[in-house]
Amino acid sequence: MPKVGMEPIRRKALVEATIAEISAAGSLDVTVSAISRRAGVSSGLAHHYFGGKEQIFQAAMRHILRVFDAEVAQRLGDAPTPRGRLEAVIRASFWDTAFKPASVSAWLNLYVRAHSNAQALRLLRVYQSRLRSNLLHDLRPLCGARADDIACGIGALIDGLYIRAALGGAQETAHAADIVLSYLDAELKRQ
C-alpha cells in the first residue's frame, strides 16, 4: 500500500537526483537505475511517476527553469525603473546558482538535446520567450521600435556569455553581466 503524501517528496528527490546524475556524468548518458539509486527509490517507482528517463529529464529542466523564474521575479520586485528591471533580468541570468556544476550540466545538455528532441526544444523556447518578454516589457518605453533588436542582442549575449562563463570558470562569470549591461547602455545611448 503506498504511503500517503510521499509522491511529491519522491518526485522532488528524483528530480534532484537527475540533476546530480547529469552533472556527475556530464551528459544525459545516465540510467533511470542510477537516478533511482541516488534518490533512494526503486526504478519501478521512477518509471511509475515519470514514465522514463526523458520525462525525468524534462521534469528536472522544468525545475531548473522554475528556480530561474523565481530568481528573476524576486529581482524584478526590487527594481523600480525600466533600466533597473532590465539590469535585474540580466543579473539573474548570471546569479551564483546558475553556475553550480549540476545546473550547468543540465543547461548545456538542454541546448544540445533541443536539436533532436521536441520536448527539450519546447522547454528551451519557453525560456527564450520568457526572457524576451521580460526584456521587451522594459525596453519598449526606453527605446521604442528598436526594443526587439536590442532584446535579441541581449538574449544572444546572455546565452553566449553563459556558455563561456560556464566553461571558463569564476573569472568569466564575474564579468558576464557587466558585459551585457555595457551593451544595453550603449544601445540606450543611441536614442
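Q: Leaving aside neighbours within four places in sequence, which residues is Ser 36 in contact with?
A: Ser 36 is in contact with Leu 14, Val 41, Ser 42, Ser 43 and Ala 46. Contact means heavy atoms within 4.5 Å.

Q: Before I go on, what kind of model is this, and how are residues numbered?
A: The model is predicted: local features need pLDDT of at least 70, side-chain atom pairs count only at pLDDT 80 or more, and totals for chains, interfaces and linings use all residues. Numbering runs from 1 along each chain as its sequence is written, and side-chain values use heavy atoms, with hydrogens and water left out.

Q: Back to Ser 36. Buried or exposed?
A: Ser 36 is buried, at a relative accessible area of 1%. Buried means under 20%, exposed over 50%, and partly exposed in between (1.4 Å probe, protein chains only).

Q: Where in the fold does Ser 36 lie?
A: Ser 36 lies in helix H2, residues 32-39. Helices are DSSP runs of H or I with at least four residues, strands are E runs of at least two, and both are numbered from the N terminus.

Q: How many helices and strands does the protein chain have?
A: The chain has 9 helices and 0 strands. Its C-alpha atoms fill a box of roughly 65 × 35 × 30 Å along the principal axes.

Q: And what share of the chain is buried?
A: Buried residues make up 43% of the 191 residues.

Q: Switching to the largest nonpolar core. Which residues touch the most other members?
A: Ile 90, Phe 94, Trp 107, Tyr 127, Leu 139, Ile 154 and Leu 184, out of 64 residues in that core. Helix H4 (residues 53-77) gives the largest share, 10 residues. A nonpolar core is a set of buried Ala, Val, Leu, Ile, Met, Phe, Trp, Tyr and Cys residues joined through side-chain atoms within 4.5 Å.

Q: What does Trp 107 contact, leaving aside neighbours within four places in sequence?
A: Trp 107 contacts Met 61, Ile 64, Leu 65, Tyr 127 and Tyr 162.

Q: New topic: Arg 85. Where is its place?
A: Arg 85 is in helix H5, residues 82-92. Arg 85 is partly exposed, with a relative accessible area of 21%.

Q: Which side chain does a polar contact join to Arg 85?
A: That of Asp 138, at 2.9 Å. A polar contact is a pair of N or O atoms within 3.5 Å; within protein, one must be able to donate a hydrogen and the other to accept it, and residues adjacent in sequence count only if both atoms are side-chain atoms.
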